[in-house]
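Hello,

I am handing over the structure we discussed. Please open it first, then read my notes below.

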Amino acid sequence: MTQQIKSFDDYKAVYQKSVEDPEGFWAEQASTFTWRKQWDKVLDWNFTEPNVNWFVGGKLNITENCLDRHLETRGDQVAILFEPNDADAENITYTYKELHAEVCKAANALKANGIGKGDRVCFYMPMVPELAIGVLACARIGAIHSVVFAGFSAQALADRIKDATCKAVICSDYNSRGTKNIPVKKVVDDALSMDCDSIEMVLVHKNTGGELNMVSGRDKWWHDEVDGQSTACEAEEMDSEDMLFILYTSGSTGKPKGVVHTCGGYMVYTKYSFENVFQYQEGDIYWCTADIGWITGHSYIVYGPLLAGATTVMFEGVPTYPDAGRFWQTCEKLKVNQFYTAPTAIRALMAQGDQHVTKYDLSSLKVLGSVGEPINEEAWEWYHELVGKKNCPIVDTWWQTETGGIMIGGLGEHSPMKPAHAGYPLPGIQPCLMDADGKELEGNDIEGLLCVKYPWPSMLRTTYGDHERCRQTYFSAFENLYFTGDGARRDKDGMYRIIGRVDDVINVSGHRMGTAEVENAINEHELVVESAVVGYPHDIKGQGIYAYVIVSGDIEDEDAFRKELIQVVVKEIGPIAKPDKIQIVSGLPKTRSGKIMRRILRKVASGDTSNLGDTSTLLNPEVVDEIKDTALV
Ligand code: WT7
C-alpha cells in the first residue's frame, strides 16, 4: 500500500514536498506498482500544445496491477461484491483469483474475435460484474474502452461509436433497474442502423433473458464466446502514455468530446487518491454508488479500488427500490465501511423521511463521500448526522471527467471539514484562482476562476480525434494553466468552496449537460424556430433544465407540444436531458450583435426578475417583459 496520510500536519508536510519536488513525489508513488520497464523520465510537459507525458518510457499493464499483483497476497479476498437489483437475491462475489480468471477469459474472447491493441470497444451495459470484467479485459489486451452510460439514447450512442470508430459494442440484453426491465440490445440495434460502419461485432451478455433479435454474423453471445476460453491471458505490454480509455463528456459547445486517459499516470493517481481520500484499510468494504458509465465509476469503482486491493461493491439497482431505504439496508447487510454517493441522491432520500435510515444499523460506516456537484448545507448535515451519526467524516470530493481523479477533498478524518466546502487540494495538485483578466488572485478570502498550475498524473491528454479542441477548451483561457470551467472561493482558512460552472454547462443530478446540446435536440422538432436552455436551482437535482422555445405558427395544444419536445430530447440524448420547464416565447433577448443574453434568461428561470440590469441596449427589449410575464415559476 501507498503511505497513507495520517494527520492534518502530515498532510501539510506531504503537500509541501509534493509541490517542491513533484517529480520526486510521484516517482515515489509510482514505485509501489509493478512495471515491466521502469520509466526513463518522470515528467515531460507543456500546457501550450498541450503535451503532457508521465513516466516517460515506462512499460506496464494496469490489469497486472489490479489483478495479478494481488494473487499471492489476497487471491481469495473478494474483489467485486455484486449487489443485484433484486434486494432478496444472493450477492455474487468474485475473489481476486476469480476476477483474474474471468478477465483473462474475456480478454481471450476479444482476441479470438479480432480485437487487439489500439482498437476501440464501446460498452453499453448495466451495472453488472461483466461490465467491469469487459473493461478490464480491454485493458489487458490494450484495447481502448469507451463506456457509454446505458441511459443515453440510440442517437447519442451512435454519435459516440462513430466518433471513436469503435470495432465492437458490448452490451446486455436487458437492464433491470427497480421494477423496470429495459431493452438495451434494442437501443444498440437502433444505434447501429445509423451508419456505424466500423462495428464488426456486438457481444451480448444475457442478463435478464428476454426476447431478442440477434443479427447473424454480427451478434454473438458473451457466454458462447467467453465461457470456454482459457483462464490465462498474457497481458499486453503498454507504454505509460498509451491510451487506456475514452470517456465522453459534455462541453459548452457542440457535440460531446471524448476525454482521453492514458495508462501509467491514471494508474498511479487513482490508487493514491483512493487510498488517501477514503483512508481505505485492509479488509474494508467500500461502496461507490455511481455508474461505470461516468468517470466516478471508472476511477472509484473499478480502477482505484482494485489497484489498492480493496473489496469494491457494484450495485445494479436504484436508490429507491424496493424502497428509499435501499442504500442503508445494503450498507447494513454488506457492512460497508466507506460509502460514496452524490448530493442529488442524498437530497432525494432525505425527502422520503428519516425512518428509512434510522431502522438500519449503520455502525460499520467510517467515511462518507460526496461527488458530482456542490453539496448544500442541509444535505451535508443530514448525511453527517443521520447517516454518519456524527462519527464519520464527510469527504466532499471535487474533480472532473478530465481530471481523472479527485483533486480537492478531505482525507478521511484527517482534514478539517466545513459543510459545502470541498476543502484542500490533494498532494501534487496545485490549484489557483484567476480573475477574468488573467491575473492570479493571491491570498485567502477570494473568489475566482478555478485553474490548475501544474500537471498531475491522471489529467486528460487530449480529446479523441481533435487535439485542438482540447487545447482550445482547457488550455487557451489562461496561459500555462489548465482551466476547469468552475468558479470557486478560497475562504479565510484556505479551504476551497466550488461555486459551479461558469460556462454554458449545467449540472443536473450530478450529470453534466451542455445547454447547446439540449438546444440542438429541441431544435430538431419541426415547429421549433429557435431555443435557449439554461439551468435553474432545483431542490433535488441541484439544477433543473429550463427551455425557452420560439415556435412557428400557432400551437393548439401546448401540453401536447411540450410532451413532443420532451420526446425529441429523449430520442436525441436520453431521459437525463429532459427539460423540466418549457416556456413558449415570441423572441429571445438578444444583443445588437445577435448574441442571446443568457444572464437574463437564467435570472427569469430562477424566479428572480427584480434586477435584470439594463435591457435598453438589447435588440428587442420588449421581449423581456413578455418573458417575465409568462415565466414558469
Ligand atoms: C463538474 C465535473 C467528478 C465526477 C463527477 C462529475 C462539478 C464535481 C463537485 C463537488 C462541487 C462538483 C463541477 C465539475 N463537481 N464534483 N464535490 N463540488 N462541484 O464529473 O461530469 O466531469 O463534472 O462537476 O462543476 O466541473 P463531470
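**Around the ligand**

Of the 23 residues around the ligand, those that come nearest are Trp-398, Gln-400, Thr-401, Ile-498 and Arg-512. By class, the shell splits into 8 nonpolar, 10 polar and 5 charged residues. Keep in mind that this is a predicted model.

**Domains**

The domain assignment gives domain 1 (8–488) and domain 2 (509–630). Their C-alpha centres lie 33 Å apart. The contact takes 19 residues from domain 1 and 18 residues from domain 2. On the side of domain 1 that touches domain 2, α6 (154–163) and α12 (343–350) each supply at least two residues.

**Core**

The largest nonpolar core has 191 residues. Which residues have the most contacts inside it? They are Phe-123, Tyr-124, Leu-157, Val-169 and Val-188. Helix α5 (residues 129–141) gives the largest share of this core, 9 residues. Domain 1 (8–488) and domain 2 (509–630) each contribute at least three residues to the core.

Take Val-188 as a way in. Leaving aside its neighbours within four places in sequence, Val-188 is in contact with Tyr-124, Leu-157, Val-169, Cys-171 and Val-202. As a general point, nonpolar side chains tend to be buried together in soluble globular proteins.

**Backbone points to check**

Two cis peptide bonds deserve a look.

- Glu-49 and Pro-50 are joined by a cis peptide bond, with omega about -10°. Pro-50 lies in the loop between β1 (41–46) and β2 (51–56).
- The bond from Tyr-321 to Pro-322 is also cis, and omega is near 0°. Pro-322 sits in the loop between β17 (311–315) and α11 (326–334).

Then there are positive phi values in residues other than glycine.

- Thr-165 has phi near 35°. Its place is the loop between α6 and β8 (168–172). Is Thr-165 buried, exposed or partly exposed? Thr-165 is partly exposed, because 14 other C-beta atoms lie within 10 Å.
- Ser-509 has phi near 55°. Ser-509 is found in the loop between β26 (505–508) and β27 (511–514). Ser-509 counts as buried, because 20 other C-beta atoms lie within 10 Å, and the cut-off for buried is 20 or more.

Best wishes

Note on methods:
Residues are numbered from 1 along each chain as its sequence is written. This is a predicted model: local features need pLDDT of at least 70, side-chain atom pairs count only at pLDDT 80 or more; totals for chains, interfaces and linings use all residues. Domain bounds come from an automatic or database domain assignment. Two residues are in contact if their C-beta atoms, placed from the backbone, lie within 7 Å. Helices (H or I, at least four residues) and strands (E, at least two) are DSSP runs, numbered from the N terminus. A nonpolar core is a set of buried Ala, Val, Leu, Ile, Met, Phe, Trp, Tyr and Cys residues joined through C-beta atoms within 7 Å. A residue is buried if 20 or more other C-beta atoms lie within 10 Å of its own, exposed if 12 or fewer, and partly exposed in between; C-beta atoms are placed from the backbone. A residue is near a molecule or strand if its C-beta atom, placed from the backbone, lies within 6 Å of it. Ala, Val, Leu, Ile, Met, Phe, Trp, Tyr, Cys and Pro count as nonpolar, Asp, Glu, Lys and Arg as charged, and the others, Gly among them, as polar.
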